[in-house]
Amino acid sequence: MIPGHPFDDDKLREECGVYGVVGAKDAASIVALGLHALQHRGQEAGGVAAYDPETGFNTVRRLGYVRDNFTTADVMEALPGGAAVGHVRYSTAGNKGSTAIRDVQPLYAELASGGVAIAHNGNLVNAEALRAELTERGSIFQSSSDTECIVHLMARSIQRTVVERMKDALRRVEGAYSVVALTRDALIGVRDPLGIRPLVLGRLGDAWILSSETCALDIVGAELVRDVAPGELIIATAEGVESVFPFQQAKPRFCIFEYVYFSRPDSVIDGLSVYEARRRIGMELAREAPVDADIICPVPDSGTPAAIGYAQESGVPFAMGIIRNQYVGRTFIEPTEHIRNMGVRLKLNVNRAIIEGKRVVLVDDSVVRGTTSRKIREMVKDAGAAEVHLRIASPPTTWPCFYGVDTPEKEKLLAATMSEEEMRVHLGVDSIRFVSLDGLYRATGSGAGRDAAQPRFCDACFSGDYPVAPTDRLARGHLTEDA
Ligand code: SF4
């Protein structure tokens, strides 16, 4: 497991990252670097597809980390050309948690209008219905990925160009998608009409880049041009960028959890630094839920910016009361049951000298199942803390996500089954408070808080207000807030 958070099994898990380049020498190497910077968005598998006029499309798809698969000369030499797209994956549809190589993207297809390699971040909420319909009409699926629905819809379109076929296909799908695709002539990028998942446009010399996050522009020295707008389809070639809006206009509903946890803190989304948003969430939390304490400690690393904000606003000193072992990797051998059970202690250690005798505020970004919050509280108490107060830099997570994020079922979400007081008792802390949804909106730029009639973001995992009805799930009897 890549060191994204020491408790990845008790976090909502993002999903995928996409990247594309056109007009660059060694495009595949640039894509590999970009994917490396996006590795936190998916660690199970990655792939790169490149186009070269001499050799055509070449694709390499592998299980595992970018750094282990896309750094050797023989692999990169197999991906020649001035245009490439890539993908890192944690499966949100298809074989969840056990990626099969056939599901690894980019997917490549030879259409009547030419070849296309396609990579997708998000989740199609009507993929099951589409797959049933397409299979009925004779499509033969080769993967369990929802992205393949887009490919089959493109293949069946009567339009003449790849771009027109893609527009046709995307008009049939529902849900969240940021797609990058490569044709012989162009790099295509498109965001769903609500812009639920991120996508940005960058410039590196004469080359154009599409990326899930700006941190992956920085790694190659590219400049951010702008965010791709919700519902926008971009066609980039060495000559320039064309932009069209093929879908019916809708009010954007970007995923607010990107600010809370998914995106890297050194990324900028829609003009707002993710780090700054998290720091401001911590400040809101300090105003909403103050507590008499001696030190403010983050649960590293994702709780750190919010803990800094909480400390700044409250005036209580910030301290690294929990230290993360940076070197616990997937190669670590856990030889016995006893050692395996030490779990959290292998990854985090309490800084006893800082904690002992203190009233401690622990700041974390979210609580999902709550299993790790309990373990951390135990460790902090064992180290002699006088009091432990938990402050969470997001509202209670009470609903599952259907838009490209792996969430447990509602019954497994701690906050969906317990009141705040029950959680306090269950976790064994002296107090627990979550930032309010209004506080989260204020921290992300909505001074008046959440406008219930027209929310700026998707916040369904906190509110149950799903901006796109989860069609497949509703067909299986799933309830939403409106149902
Ligand atoms: S439900 Fe939550 S995690 Fe999913 S897109 Fe909406 S805000 Fe993001």
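What follows is a short exchange about aromatic rings and nonpolar cores in a predicted model.

Colleague: What makes Tyr403 and Tyr466 an aromatic pair, and why is it called edge-to-face?

Modeller: The search of the whole structure finds 12 aromatic pairs. In the pair of Tyr403 and Tyr466 the centres are 6.3 Å apart and the planes are at 75°. Centres within 6.5 Å make a pair and planes over 60 degrees apart count as edge-to-face, so both terms apply.

Colleague: Why is the pair said to tie together parts that are apart in sequence?

Modeller: Tyr403 lies in the loop between strand S22 (387-392) and strand S23 (405-406), and Tyr466 in the loop between helix H18 (460-463) and helix H19 (471-475), so the parts tied together are 63 residues apart in sequence. Both tyrosines are buried.

Colleague: How do you know that the charged end of Lys410 sits over the ring of Trp399?

Modeller: That end is 3.8 Å from the ring centre, and the distance limit is 6 Å. The charged end of Arg67 likewise sits over the ring of Tyr65, at 4.6 Å from its centre.

Colleague: Which residues have the most contacts inside the largest nonpolar core?

Modeller: They are Phe257, Tyr259, Ile296, Tyr310, Tyr403 and Leu440, in a core of 50 residues. Elements that each supply at least two of its residues include helix H9 (274-288), helix H10 (304-314) and strand S21 (359-364). Apart from this core lies another, of 30 residues, among them Leu111 and Val190.

Colleague: Which aromatic cluster does Tyr259 belong to?

Modeller: Tyr259 forms one cluster with Phe254, Tyr441 and Phe457. Beyond its neighbours within four places in sequence, its contacts include Phe254, Phe457, Ile269 and Thr444.

Methods. Residues numbered from 1 in each chain as written. Predicted model: local features only at pLDDT ≥ 70, side-chain atom pairs only at ≥ 80, totals over all residues. Heavy atoms only, no water. Phe/Tyr/Trp six-rings, centres within 6.5 Å; stacked < 30°, edge-to-face > 60°. Helix = DSSP H or I, 4+ residues; strand = E, 2+ residues; numbered from the N terminus. Buried < 20%, exposed > 50% of the residue type's maximum accessible area, 1.4 Å probe, protein only. Lys NZ or Arg CZ within 6 Å of the ring centre and 35° of its normal. Core = buried A, V, L, I, M, F, W, Y, C linked by side-chain atoms within 4.5 Å. Contact = heavy atoms within 4.5 Å.
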